[in-house]
Amino acid sequence: MRAGRTSRAVIVGAAGIALVLTAAGCGSGSKPGGSSSTGSTSAASGSSSSGSSTASSSGSGSVDSAAAALVPAAIKSKGVITIATDPSYPPNESKDQNGNIVGWDVDMGNAIAAKLGLKANFANVTFDNIVTGISTGKYDAGMSSITDNKEREGVDDFVTYFNAGTKLMVLKGNPKNLTDNSPTDLSLCGLTIGVEKGTIQESPDIPNRNKACEAAGKKDIKTLSQDTQDQINESLSSGRCDAVLADSPVVDYYANSGNFQAVGAIYSGAPYGIAISKTDSGLSQAFLAALKDLVADGTYHKLTTQYGIQAGDYTTPGLNQATS
């Protein structure tokens, strides 16, 4: 997953440290529905420039003084927190028709910032570059459907906030009659499966599936890895790939578009985490305190319900809660 990007693999930085982001959202060119979040203007895809967004909580919007007191002085003095995101993964993060970054992650990030007495500035960053940017101090946090796991926790801290898993998406009508009833379902053997680069669907998911295919005497899955979910969805529509593996909220979102459908059950469930540098432990604690407040005052559930993803509500947020 990027998961959700299900979790949205390990990105290798200059020092050779890899961090796998969980993600797998699919863009179909025209996105169904539409985010209602008040996101920022976004930079060109893959760039690191940031747009500004209004940090207004959907709840009371009141500052949590105890949480705000945990914010590092350098960030508090700026009054702004820069959050890296790859806006190609609706309903979590995407762009509206005006190029603004919108989505559930954006709304939640704005609500967290408001609790801390800050404004959130969302930077449009290619998914694979988010972790490196946080480690080098270019961004204060990463909020982009990133699955928390033990390997990633070796690089950054993760404030967990949502439950997601991987799901299979096919063209409407399931023309290949795929089943995908388990992480080692053999119906995908020999087919071309689209995934977003840097996600757990790319690795370890497909390599593990190929072990099962080989053990059964079947052909390996061919992986089509692309930079964004929009590109992956276009490939599914055009027949360049046979199916797509992505985070469960993303697949469910596109399954409502009329062009695609979800197949099989969710698997490899794990929480999304907000990535924050281990050198900013105060900021991690501040985010966690603000998030707990948003759960308690009902804002959290209000936002997940607004986007139809309340099945993934994570009401016990914590720090570095990965189990594998």
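**Basis and confidence**

Residues are numbered from 1 along each chain as its sequence is written, and side-chain values use heavy atoms, with hydrogens and water left out. Because the model is predicted, local features need pLDDT of at least 70 and side-chain atom pairs count only at pLDDT 80 or more, while totals for chains, interfaces and linings use all residues. The pLDDT is the predictor's confidence in each residue, from 0 to 100. The protein chain averages a pLDDT of 83. At least 70 is reached by 81% of the residues. Residues 3-60 have a pLDDT below 50. Beyond near neighbours in sequence, this stretch still has 300 contacts in the model. A contact means heavy atoms within 4.5 Å.

**Nonpolar cores**

A nonpolar core is a set of buried Ala, Val, Leu, Ile, Met, Phe, Trp, Tyr and Cys residues joined through side-chain atoms within 4.5 Å. Buried means under 20% relative accessible area, exposed over 50%, and partly exposed in between (1.4 Å probe, protein chains only). The largest core has 50 residues. Those with the most contacts inside it include Ile81, Trp104, Met108 and Phe287. Helix H9 (residues 281-296) gives the largest share of this core, seven residues. Helices (H or I, at least four residues) and strands (E, at least two) are DSSP runs, numbered from the N terminus. Apart from this core lies another, of 15 residues, among them Leu178, Ile193, Ala243 and Val263.

Trp104 touches residues well beyond its neighbours within four places in sequence; its contacts include Pro91, Tyr161, Phe162, Tyr300 and Ile309.

**The largest pocket**

A pocket is found on a 1 Å grid over the protein atoms alone: it is an open set of points where a 1.4 Å probe fits, with protein on both sides within 12 Å along at least five of seven lines. Lining residues have an atom within 4 Å of a point. About 400 Å³ of space lies in the largest pocket. Its volume is the space filled by probe spheres set on the points, which are joined across faces, edges and corners. The lining has 21 residues. Ile200, Ser268, Gly269, Ala270 and Ser324 lie nearest the centre. Strand E11 (260-277) and helix H6 (201-215) each supply at least two lining residues. The largest share, five residues, comes from E11.

**Helix H6**

Ala212 has its place in helix H6. This residue is buried, with a relative accessible area of 18%. Leaving aside neighbours within four places in sequence, Ala212 is in contact with Thr184 and Leu186. Ala212 and Thr184 are 28 residues apart in sequence, yet 6.0 Å apart in space, C-alpha to C-alpha. Pro204 is also placed in helix H6.

**Backbone details**

| Cis peptide bond | Omega |
|---|---|
| Pro90 and Pro91 | about 5° |
| Ser203 and Pro204 | about 20° |

Pro91 lies in the loop between strand E2 (80-85) and strand E3 (94-95).

Ser145 is not glycine, but its phi is positive, near 55°. Ser145 sits in the loop between strand E6 (141-142) and helix H5 (150-153). Ser145 is buried, with a relative accessible area of 0%. Asn320 also has a positive phi, near 55°. Asn320 is found in the segment after helix H10 (299-306). At 23% relative accessibility, Asn320 counts as partly exposed.
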